[in-house]
Amino acid sequence: MILDLPPTTVELIVAKAKRAGVTVEELLYEFACDDEIYFDIERMKVAMQGLETAEDRLKNSVEIPKSALKDLGAFKQFLQANL
């Protein structure tokens with residue numbers, strides 16, 4: 001696969017790989033496989049506070065009506081009314 005990146009971005013990636021003492025391929029592989037990018041358990045625990053049980057979820061969340069899911073404008077209107 002070939003990625004079309006701006007030259008400045010390529011230079012930054014190469015420099016970071018050199019600083020880390022790895023190849024660009026190793027750096028990018030490490031980045032792509034780093035679970036912390038996608039899943040931070042501590043952050044997730046904070047986000048889930050108040051939603052532990054079914055009763056908590058009903059009390060501390062808002063159900064999105066089907067009318068808000070018909071298009072982006074309807075969803076934005078729902079968010080404005082509920083935030």
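Q: What makes up the secondary structure of the protein chain in this predicted model?
A: The protein chain has six helices and zero strands. Helices are DSSP runs of H or I with at least four residues, and strands are runs of E with at least two. Along the sequence the pattern therefore reads α-α-α-α-α-α.

Q: Why is helix 1 called roughly perpendicular to helix 2?
A: The axes of helix 1 (residues 7-20) and helix 2 (residues 24-33) cross at roughly 95 degrees and come within 9 Å. Angles of 65 to 115 degrees count as roughly perpendicular, so helix 1 is roughly perpendicular to helix 2.

Q: Which residues make the contact between helix 1 and helix 2?
A: Helix 1 contributes Ile13, Val14, Lys16 and Ala17, while helix 2 contributes Val24, Leu27 and Leu28. Contact here means heavy atoms within 4.5 Å.

Q: What is the make-up of the contact of helix 1 with helix 2 by class?
A: The contact has six nonpolar residues, no polar residues and one charged residue. Lys counts as charged, whereas Ala, Val, Leu and Ile count as nonpolar.

Q: What share of the residues counts as buried?
A: Buried means under 20% relative accessible area, and 6% of the 83 residues count as buried. The accessible surface of the protein chain comes to about 7,800 Å², with 60% belonging to carbon and sulfur atoms.

Conventions:
Residues numbered from 1 in each chain as written. Predicted model: local features only at pLDDT ≥ 70, side-chain atom pairs only at ≥ 80, totals over all residues. Heavy atoms only, no water. Axes fitted to C-alpha atoms, helices over the stretch in contact; angles between N-to-C directions. Parallel < 35°, antiparallel > 145°, perpendicular 65-115°, else oblique. Buried < 20%, exposed > 50% of the residue type's maximum accessible area, 1.4 Å probe, protein only. Areas by Shrake-Rupley, 256 points an atom, 1.4 Å probe, with all protein chains shown as cover.
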